[in-house]
Amino acid sequence: MALTPKTGARSVAPAVHMLRPTSVVDTELQWFFNRVDCDMGVHSNFHDALSGQLTPSEGVTPEDAAEASHAQRTIRGWLLAIPDADAGVLQSAYEQRAWPGSLVDELGRITGVVVRLACALDPWPADRTAQRLVEMARAHWLESHCSKGRGRGFETLLNLRREGEIRFAKAHHAYAVVRGQGPCLARST
């Protein structure tokens with residue numbers, strides 16, 4: 001399970017069939033970007049405040065938390081081993097956000113990637129909250145093009161989609177190469 005340098009994933013041109021997302025990698029990244037904190041036993045103080053009023057639920061055992069923590073560190077290491085741009089594409093693709101429904105229907109998994117590409121048209125603020133506002137504004141702008149169908153402005157959406165698909169496939173492949181073969185590290189729920 002040795003990590004390759006950041007340039008190692010680029011050295012061999014992949015065949016087309018290798019660019020398809022695999023279910024193991026898909027499951028792993030979905031877990032890493034959205035569920036890892038829950039599986040490590042990290043919860044909000046809101047949960048603690050209401051714990052007397054909530055129905056008892058199955059807690060995270062120390063063994064489960066340790067296993068999830070180990071998986072999180074391993075996956076994070078693999079993400080750090082690929083180029084930063086590829087890791088950013090994977091984060092944009094897998095991090096769950098409240099994107100407009102018609103945009104998600106149109107773009108699927110690459111919605112976040114296409115929105116981030118569209119944000120290149122705007123000045124990028126340093127504050128993460130402001131960045132999310134810019135992303136959501138661009139998402140609604142893109143959604144308006146989806147609702148118009150294939151009318152005015154559709155070419156922009158089509159070009160962004162094509163670029164997003166290419167970047168997603170490249171990033172997914174880079175991660176898969178560094179990750180190698182092996183079982184999925186995501187904790188099954």
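I started with helix 1 (residues 23–34): its 12 residues reach 16 Å from first C-alpha to last, close to the 16 Å expected at 1.5 Å a residue. The expected span here is 1.5 Å times one less than the number of residues. Helices are DSSP runs (H or I, at least four residues; strands are E, at least two), numbered from the N terminus.

A note on the source: this is a predicted model, where local features need pLDDT of at least 70, side-chain atom pairs count only at pLDDT 80 or more, and totals for chains, interfaces and linings use all residues. Residues are numbered from 1 along each chain as its sequence is written, and side-chain values use heavy atoms, with hydrogens and water left out.

I found V25, E28, L29, W31, F32 and F33. Their cover includes helix 2 (36–39), helix 4 (62–81), helix 5 and helix 9; contact means heavy atoms within 4.5 Å.

Then I turned to helix 5 (residues 84–94) and helix 9 (residues 154–179), whose axes come within 9 Å and cross at roughly 110°. Axes are lines fitted to C-alpha atoms over the stretch in contact, with angles from 0 to 180 degrees between N-to-C directions. The two helices are therefore roughly perpendicular (65 to 115 degrees). From helix 5, D86, V89, L90, A93 and Y94 meet R167, F168, K170, A171, H172, A174 and Y175 of helix 9.

Last, the whole protein chain: I noted 9 helices and 0 strands, and 34% of its 189 residues count as buried.

Key
Angles under 35 degrees count as roughly parallel, over 145 as roughly antiparallel, 65 to 115 as roughly perpendicular and the rest as oblique. Buried means under 20% relative accessible area, exposed over 50%, partly exposed in between (1.4 Å probe, protein chains only).
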